[in-house]
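Please look through the sequence and the model displayed here before reading on. The paragraphs below are meant to be followed with both in view.

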Amino acid sequence: MKNALLKVLKNIEPDKEKSPLLHTVYDGFFTFAFTPNFTTKDGVHIRDGMDLKRQMVHVVLALQVLYLFGTYNIGHQHFVALGEYTGFLQGVHLKLIYGLIKIIPIFVVTHVVGLGIEFYYAYKKGHGIEEGFLVSGALIPLIMPPDIPLWILAVSVAFAVWIGKEAFGGTGMNILNIALLARVFVFFAYPTYISGDEVWIAGIEKAAEGGYFGQAYGAVYGFFDNIFASLGLATFGAGGSAVVDGYTGATPLAIASKEGWDAVTQTYTTGQMLWGTIPGSIGESSKPLIIVGALFLIITKIADWKIMVSMVFGAAVMALLLNAWGATEFMEVPWYYQFYMGSFLFAMAFMATDPVTASSTATGKWIYGFLIGFVGMIVRVLNPAYPEGWMLAILFMNVFAPLIDHYVLQANINRRAKRIKATMKSETPDAPAPATAPAQA
Amino acid sequence: MKQTVSKGILLILAMGAYTTSWAQAGSGGNGFGSVLTYSLIAIAVLIFFFLIIQVSNNLLAIEAKQLGIDEDSGEVGTGNDGFLGRLFKPKKPAFLDEDTPVTYLRRGHDIALEGEAELKLDESVQAMTFAVQPTNFLGISPIPKMVVEEGAEVKAGDHLFFDKNRPEMKWVAPVSGEVIAIERGAKRAITAVTILADKEQQYRELSAFDLDNSNRDQLVEYLLDAGAWTLFRQRPFNVVADYNEVPRDIYISTFDTAPLAPNLDFIVEGQEAAFQKGLDVLAKLTSGSVYLGLNAGGDTAPAKAFTEARGVKQRWFHGKHPAGNVGVQIHHTKPISLSAKVWTLGVQEVLTLGKIFTEQRYNAERVVALTGAELKKPLYVKTKVGAKIEDLLKDNLANDHVRFISGDVLSGKRKELNGFLDFYDDQITVVEEGDDYALFGWLLPSFNTPSISTTFPSALVPDMKFKAETNTHGERRAFVVTGNYESVLPMDLYPQELMKSILIGDFEKMEGLGLPELVEEDVALCEFVCVSKQPVQQILRQGLDTMREQA
């Protein structure tokens, strides 16, 4: 089987000289199917089985449960807003298909744009296609609102990959987290699409005269309606109905920032917030599933647990300080409930731990994680415009990570110099003094 | 230690989160806050104790310094071996006294490979051709001046060539016989001087030397003439020692932790006198001490030659590879800098040195371990320095699609079958060439791949032995993953940052980050674990060369 496939693939290999672009793409897919037959040259003769592809793919694996849940939750939130199928397991087929219709275009556009740029640069610079975008491409759909217009998504991915990564030299060279860069681009360039109350639930629009209503279902839904009808299942119908009374679509954070924790609990139960059946970005809401992913990354040693732990501490410390201050309703939210809301855990598990943009030294990682937690909580609670802080805090600390490392390294250099000095002093010259001949290089 | 505590914290947090999440799902009640609070209080208490212990530990160290207690003894620990470190230490082996200080190295990794040599000396395997290879020696002129010509008859210990820049530095023949070839490589550099050995070995008799009643200069002169100077290697840079310099200290590691490395306890058996003599000679050559690094990690005590050595300072080490590397041991005794030079020798080089005085001749005998899964019978053979690999491995190969390595799989040199054992090596490893494609290699849980990663199922089988091959298991990439190098290098330095500083040519940083303390074998494990498949040893040598030019 393996040899037959290898033969087929080798037969269709394009000529490297005649069509370099094709060859680059071919090489990308070939190395995806087969680990190349390269052997070690000088230096070590055997190598660890781990390579960057494997590393990256394991992060993507850790995200799979979030994709499953996120897809379903898009549909679930949509129908809950309309007051239909309000139970989590009611209308499963409709919610799933609705979620898929939303998420597949987002996923495809992200990868077509991101990988396209990646392929082009690999061809241009004459190196293999690097796998950095595997993770970025899997993360970006999860941190976008489900109704993000695809052209905005395309522009933001292009910006992130182009300016954020390729301009700096490709995978491993970027200063800022690519996925967050894409999101922050949307955040500052098209703020109305990523803030406010209605954006976190798919297919809900604000009517001109006030109030919200569901969008009409398009042709794709009609196609599935035919299938469902023939199977005797419930169908989407025409859509366009008004939302349930009193519906706002506000996330727990948005409510908490205005009216405090008590108002939040009137709209959402803590169970809902924990399990993630609330509006929000596609993949950020389910806390237990994120923790599963985080534990997977820790056990496989792919993400650094130091950053995660110190980030929890940083956020907890700042939240406690804000509790003590207590000047606004939001500050008075009990500090442990801050972890129920927003995307803290997702940012901790998948964003802050990106090894390229995080601090590289062990001590640096403790400081880096702590400060993300600390600063992020400040931005979340004290920022009047937007009640979430992790994206900005992580990007902010990305910029500072080299500085943290610099001081950690400087401390190491000083410690080393001191130790050498100390051992030199303790020397007892009981043998003849060194000959005075100059050292020969 | 810090890691253990923090892992505990994480566990508590995770447990807290889980129990409450189930409770939530059931009742929708409000138990989460209290559990989380309790676990955080517990963590705070733990941290508080940790801080107190750390602070008191440092105060202790300061006081000890004022009192003038020897920090070397390991009794007073700052750095990585404080009170808590000792609390969680592995149990001290039975063969050691309670008060013998042991340096425990927690970082590192043992690569368990198939094909370990059986502790048996096969006398029937005899090499016929030997070579002295100037390329084995760093820091000498590439075209040495020949003393003999092709076709000349030499005795073991006769001069073959000398260094053009330092004519006192002479290389001698390991065996008696006929010089059959002087092989040249690029730019006419001599790559090997090959000798076909006689059946009956003849030696150049050396004059007796009175070690007790002569000074260092006379000893140096005697050793230069005997050809023994090439046995000493000088750090930083791992070059052949400079005879104009007096080393600060001399270091010998008496155990090798590299994959399939020879058992030096076995090799030194019966040669205790020669080893002790070698140590006595070394003691005269340094202004400081001769340090012996011993293995505290074995099941049994090291050989008597090591434990009962006189006139040396013994240092015990416990840990995985590279704990047996002399560079790591120096780091944990007295670090090297550009101005503090030390010499290092292998155990068998000490034996050759000792035999110059006990036997009055240059005895280049080496016990060599033939190892690797591709051999029918991995075992030990007795031969001489620079033996031809083909002669030693004849009839022993189980597979012909293999790679021959002089040394171990991490820092050894690649050889052809008709190549020769390198001067400082006492091991030949044969591994399979891995020039094959692996389907979905980045995903499948391949069982036969050594790795420090827990994404391979072999991580669950701690005693697993691997049949390694030479595939790179991936393509070269820029540095991405951090913390991997540090996890296998038990030294207080940042290897990845050091590599980056070498690549950008930041001379000051290279020195500051500890480049003078390292040679290739110390970072070999970093290269092995590198996810980006970077040539770490090559980068390190590049840095060492630049630094040597500048110095």
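What follows goes from the domains of each chain to one strand and its partners, and then to the contact between the chains.

This is a predicted model, in which local features need pLDDT of at least 70 and side-chain atom pairs count only at pLDDT 80 or more, while totals for chains, interfaces and linings use all residues. Residues are numbered from 1 along each chain as its sequence is written, and chains are lettered from A and ligands numbered from 1 in the order in which they are written.

Chain A is divided into domain 1 (7-35 + 51-208) and domain 2 (303-413), with bounds that come from an automatic or database domain assignment. The C-alpha centres of these two domains of chain A lie 25 Å apart.

For chain B, the assignment gives domain 1 (2-88), domain 2 (128-197), domain 3 (216-358), domain 4 (368-434) and domain 5 (472-551). Between the C-alpha centres of domain 4 and domain 5 of chain B there are 27 Å.

Strand 14 (residues 313-319) of chain B has five of its seven residues buried, a residue being buried if 20 or more other C-beta atoms, placed from the backbone, lie within 10 Å of its own. Strand 14 of chain B pairs in the parallel sense with strand 1 (residues 102-105) of chain B over four bridges, where pairing means that DSSP finds at least two bridges between two strands. In that strand 14 of chain B, His318(B) stands opposite Tyr104(B). Strand 13 (residues 290-295) of chain B is also a parallel partner of strand 14 of chain B, over five bridges, and here Tyr291(B) has Lys313(B) as its bridge partner.

Between the chains, 90 residues of chain B are in contact with 73 residues of chain A. Helix 1 of chain B supplies the largest share of the chain B side, eight residues. Strand pairing also links the chains: strand 1 (residues 34-35) of chain A and strand 21 of chain B pair in the antiparallel sense over two bridges, with Phe34(A) opposite Leu439(B).

Notes. Buried ≥ 20, exposed ≤ 12 C-beta atoms within 10 Å, placed from the backbone. Contact = placed C-beta atoms within 7 Å.
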